[in-house]
Amino acid sequence: MFRFDYYCEPPAADWTEKAACAQPQAQGVDFFSPHREEMTEAKKVCAQCPVMSECRSYALDTFQPIGIWGGLSLADRHKILNQHRNRNRRGPLS
Ligand code: SF4
């Protein structure tokens, strides 16, 4: 069973079928735990995932509020989104 089903609307995309977190070997890994050790375990699964890039883009585009997505925690995603926002605020270089 795809792990996203429990917590959110699953992404309607083909890449979810290849998700490493949906494979039996990822069973028992908690992608939505607030504990650092479990977040690290989830990130290890993501690091082996063939669709990490697609998953990461989805999470950033849809502002996923919880969980590890594409190897990123919520704090990681905030950091990336803030960097992107700050870059766009500066405007063109003169
Ligand atoms: S990158 Fe991580 S959260 Fe995303 S589909 Fe792959 S294993 Fe699941």
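Begin by selecting serine 57, which in this predicted model is located in helix H2. Glycine 70 stands 13 residues away from serine 57 along the chain, and the C-alpha atoms of the two are separated by 7.9 Å.

Now display the ligand and the residues around it. The shell comprises 14 residues, of which Ala19, Cys21, Cys46, Cys49 and Cys55 come nearest to the ligand. Two elements, helix H1 (36-47) and helix H2 (52-61), each give two or more residues to this shell. Colouring the shell by residue class will show twelve nonpolar residues, two polar ones and no charged ones.

Select Met39, Ala42, Val45 and Cys46, which are buried residues of H1. Turn the view to look down the axis of H1: the buried residues fall within an arc of 115°, and therefore line one face of the helix. In general, an α-helix has 3.6 residues a turn, so residues three or four places apart point the same way.

On the other side of H1, select Arg36, Glu37, Thr40 and Ala47, which are exposed. Finally, return to the buried residues of H1 and show H2 again: H2 is part of what covers them.

Notes: Residues are numbered from 1 along each chain as its sequence is written. This is a predicted model: local features need pLDDT of at least 70, side-chain atom pairs count only at pLDDT 80 or more; totals for chains, interfaces and linings use all residues. A residue is near a molecule or strand if its C-beta atom, placed from the backbone, lies within 6 Å of it. Helices (H or I, at least four residues) and strands (E, at least two) are DSSP runs, numbered from the N terminus. Ala, Val, Leu, Ile, Met, Phe, Trp, Tyr, Cys and Pro count as nonpolar, Asp, Glu, Lys and Arg as charged, and the others, Gly among them, as polar. A residue is buried if 20 or more other C-beta atoms lie within 10 Å of its own, exposed if 12 or fewer, and partly exposed in between; C-beta atoms are placed from the backbone. The arc is that of the directions from the helix axis to the C-beta atoms. Two residues are in contact if their C-beta atoms, placed from the backbone, lie within 7 Å.
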